[in-house]
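Here is a short report for a reader meeting this structure for the first time. Please look over the sequence and the model before reading on.

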Amino acid sequence: MSFDLKGTLKPLTALKQFGQKPHTLTNVPFIPREAADRYRGLHYNNLDECIGCGNCSTICQNQAIDMIPVDGIEGKNGDSGLRPRVDHGRCCWCGLCVDVCPTGSLSLTKDYVYVSEDANSFLWTPGVDNPEGDERVSFFSTKETSLNDLGRIPMPELEGMERIKSFAEVVLGYNEEQARAEASRCISCGLCTEACPEHMHIPEYINAIAGGNDEDAVRIIYDNNPLPEMCGKVCTRRCEDICAIAHRGDPIAIRWLKRYATETVENADLLKEIINPEIKEPNGFKVGIIGAGPSGLTAAYYLALKGFDCTIYEANSKAGGMTMYGIPRYRFPEDSLDKQIEYIQKIGVRIHFNTKVGKDISFGEIYHNYDAVFMGVGFPKPWTLGIEGEELHGSIQAVNFLYEINNGKKVDIGNKVIVIGGGNVAIDAARVSARLGADVTILYRRRVQDMPADWEEIEGAEAEGIHIISQAIPIQFHGDEKGHITTVEYLKAEMVPDEHGGRPKPIAIEGSNTVIEVTAVLGAIGQQGDYSFLEEEFDEKVKIERGRIVVNEKQETTLNKLFAGGDSANRIADAISAIADGYRAVKGIEELLMKGK
Amino acid sequence: MREKATTLYIGPQHPGITGNMMVRLKVEGDTIVKAATEVGYLHRSFEKLIEKRNWLQSFTLLCRFCVPEPDPVEESYARAVEMIEGREVPERAKYIRVLVLELARIGSYLLWYGGQSGSLGLYTVGQWSVGDRNYILDLFEALTGARVYHMYIWPGGVRRDFPKGFEKKVIDTMDYLEKRLDDYDDLMFDNAIFKKRTKGVGIIDKEKAVEWGVVGPPLRGCGIRSDIRIDDPYEIYDKLDFIVPVEEGGDIWTRALVRRQEIRQSIRIIRQVIDNIPGGEYYNKVPNPQKWALPKGDAYARTEAVRGEVGMYLSSDGSINPRRAHFKGAAYVHAITLLEHLLVGENLADVAAIMNSLGTCPPEIER
């Protein structure tokens, strides 16, 4: 082979590289190399933003993240109190935990050097152990890069102005495809379960719906709520307020999904077939229940499953209590409860309708005839404003108004209605009045954002053309010579911060008197209990504080074997809390009666 | 006189092997009479693990199929998922994907420069090329947040858009590399030692290559023009102007020449990508990964990696996990079927050079 001169000399040109700038950085390791602006290095967690949902831990395929309690961080509504701890020996810095973090609290930093001879020290809690990481954050998620499904599947509804033509149900419900898609947004963190007064198994049934197992969902729901269709329509849904996804997007439509699942079952027979409840042999104990509202029905259902003989006494002709008689038909059609009540009766609960305790039957008779008594009598009596002119004709209590309308009766409200209050009853009364053809205005003492009513209800009212005048305190109703109301006079209010850190207080502004013409005023500032049915011997034994019956954690009152729940016993006063009361009472009653058995 | 055969082991730990793999050699003097590849040191059960993970979680495994060039695996997986679901990928994402794939190709070839020359004792090349590869890794770091395991191409597009000033950085790096390639020519391809040690060594028979399913530079080095980017264009390769270099001969030298030219083609592609990349979305967001179920169906997506055609077969039963994932790698044929055959009759000193020229990748063989 000939000598390759070119091939021998050419490589020598490499010598020209002498004196070139080296690839390596000469000052490493004394000055560490600065990582790129998007570098995926050691974790940092903003502890205040983190809600301990654990989605980072769930997504991590290296099982490098676990959730642990951290000193100084208490669990609260919407925050598990836990924080992610990362095993930096297992982490592979893919950053999925960052991209699925619903609040965006978790991020990765530019730091990539961590040296220790102690292998256990690689396990540390971002944010707690590296508070300085805040300034080094490099890889983080935004709304755009987030892997969470932030947008809710819109609920099909009647158009705003179409709605007020009738009492047809406004919300039309998800179809199967919509429900699956909405359920698929859930990250199963379970913060909602904690927030729900009844601790419903929300992630589990949403998971079932997402997976196409509607019957499983129904069974899971019935595990601790026998009135899911009602909750699916009118629940105050505290769960959605704290939904992890709500931090950056719309909360999962938990309520609508529950509604979807229960509506897939056509009738009570099918419901029974699907749930296929295990009903225990009769144990010989009889429980009397006063009021077929949510709490009473819940107690009756679960007691019946446990073999108790349950009888409910209900003053009205239909079960459901305030949900049936206080919530307008466009939100809660009359047949909404039929299937559930029929099913509850099918498993052996007796309901005596049109039987008012204190009139048709005495409390004493029930108390003496049953081994235990549960009382869920609600808050039937409205509060009055206590201002001049309230007795005028045309000044009506909103709950009474709703009761009459729901019973199919006519109430003359004219064409210009003022509703006073900011709760759900006020919005209901306003939207019903709009359906009766009136021009409706709501007067509320505080700001719109302070209204205790459901935000969707407020939006619904606005879509139906209802005006809201906020920071308005009514001071007097004026009437004509026939005693009919003609105008409402109110003062404008300014919001003054509360010294004790509470919510700001409305203080009337002197001389800001405004007068509006009206044909009717509907007062909706709250209700109170009516315990006049309790005979004297019981009345003194049942302790009542600030209008509510005092109960212990098992819903037991101060009177032996009497239990109570619902609005008359709990301050939250909504349907799901009432159901929770009923459920707790079941345990209380079981413990009381089955002692030693 | 016939010498007595000795058994020798190359690997599993050996600088000439690109990962943990062993070749058991029977040698007579310096001549190999039998070669058997033994694997089993790197099996991590990735395909089975993918079945246990949801459709998004697997991407931390995918990049570990082949360490020097992780992106084609990510890309083929992402595209298979998109094929099953019928998910659209934004045009911009396709451009970015091609940019990433070509950067990975360059990075991987630079690493191969080092390996190929190092196996012949030319260590300076490796020191240069690994240094130059770091400039590619810098680009990856700026774009994806990581230097080696990018986990960047995923179903629906890519994870993040270009950072500020990224286009210029890419072009600057390409300009630099283009100049640098001449230095490599001087040091490596014009090197008498390199030529002598590679020409006529490890010759692949053209017909056998087709029969056995040899792909990539080893096949193109036999004079067969085969490249998925042209044969079955994916992403935006059909819109790009580039050629697939082919050399006749089938030895280490021609395989090296093919790779040498491909780097320049990749630079050409990258320039076109930067010039033509459209604006708009870079990611068609997938649903909540925890509950993201794909429709029933299966798909096979193939991608041209530096080793040749690789492909991901995915099968979905309609649930949130793949029912089956199977990866078709190039290295299996190259490092077992082909290598065992090629080594027979060769000199012991050429084993590492032959192996490097085939683009073997033990982690890809075993997964």
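A:I68 sits in strand 2 of chain A, which spans residues 65-69. The model is a predicted one. Is A:I68 buried or exposed? Its relative accessibility is 18%, so A:I68 counts as buried. The cut-off for that label is under 20% relative accessible area.

Sequence neighbours within four places aside, A:I68 is in contact with A:G81, A:L82, A:R83, A:R85 and A:T125. A:I68 and A:L82 are 14 residues apart in sequence, and their C-alpha atoms are 5.0 Å apart in space.

**Chain A as a whole**

Chain A has 597 residues, and buried residues make up 55% of them. The chain holds 21 helices and 24 strands. Along the principal axes, its C-alpha atoms fill a box of roughly 125 × 70 × 45 Å.

**An enclosed helix**

Helix 7 of chain A covers residues 202-210. Of its 9 residues, 7 are buried, so the helix is largely enclosed by the rest of the structure. Which residues of helix 7 of chain A are buried? They are A:I202, A:P203, A:Y205, A:I206, A:A208, A:I209 and A:A210.

Just after helix 7 of chain A comes A:G212, with a positive phi of about 85°.

**A strand covered on both faces**

Strand 20 of chain A runs over residues 520-523. Both of its faces are covered. A:A520 and A:L522 lie on one side, A:V521 and A:G523 on the other, and all are buried. Two strands pair with strand 20 of chain A, as the table sets out.

| Partner of strand 20 (chain A) | Sense | Bridges | An example of bridge partners |
|---|---|---|---|
| Strand 12 (residues 395-397) | parallel | 3 bridges | A:S395 and A:V521 |
| Strand 13 (residues 416-420) | parallel | 4 bridges | A:I420 and A:G523 |

With 3% relative accessibility, A:I413 counts as buried. Which residues does A:I413 contact, leaving aside its neighbours within four places in sequence? They are A:I396, A:F401, A:S433, A:L436, A:A438, A:T519 and A:A520. A:A520 is also one of the buried residues of strand 20. A:F363 is another matter: A:I413 and A:F363 are 50 residues apart in sequence and 37 Å apart in space, C-alpha to C-alpha.

**Where the chains meet**

Now to the interface. Chain B puts 48 residues in contact with 47 residues of chain A. The area buried between chain B and chain A is about 3,600 Å². Carbon and sulfur atoms give 48% of that area. In chain B, B:R160, B:Q290 and B:K291 lose the most area to chain A, together 19% of what that side buries.

How many salt bridges does the rule find across the interface of chain B and chain A? There are 8. In one salt bridge, the side chains of A:R33 and B:D138 meet at 3.1 Å, N to O. Polar contacts between chain B and chain A come to 35 residue pairs, both residues at pLDDT 80 or more.

Four helices of chain B each supply at least two residues of the side that touches chain A: helix 2 (59-62), helix 5 (123-144), helix 6 (166-189) and helix 7 (192-198). Helix 5 of chain B gives the most, with 10 residues. The residues of this side of chain B divide into 20 nonpolar, 11 polar and 17 charged.

B:K195 lies in helix 7 of chain B. At 16% relative accessibility, B:K195 counts as buried. What does B:K195 contact, leaving aside its neighbours within four places in sequence? From chain A, B:K195 is in contact with A:D4 and A:G7. From chain B, it is in contact with B:F189, B:D190 and B:W253.

Definitions and conventions: Residues are numbered from 1 along each chain as its sequence is written. Chains are lettered from A and ligands numbered from 1 in the order in which they are written. Side-chain values use heavy atoms; hydrogens and water are left out. Contact means heavy atoms within 4.5 Å. Buried area is the accessible area (1.4 Å probe) that two parts lose on being put together, summed over both. A salt bridge is a side-chain nitrogen of Lys or Arg within 4 Å of a carboxyl oxygen of Asp or Glu. A polar contact is a pair of N or O atoms within 3.5 Å; within protein, one must be able to donate a hydrogen and the other to accept it, and residues adjacent in sequence count only if both atoms are side-chain atoms. Ala, Val, Leu, Ile, Met, Phe, Trp, Tyr, Cys and Pro count as nonpolar, Asp, Glu, Lys and Arg as charged, and the others, Gly among them, as polar. Buried means under 20% relative accessible area, exposed over 50%, partly exposed in between (1.4 Å probe, protein chains only). Two strands pair if DSSP finds at least two bridges between them.
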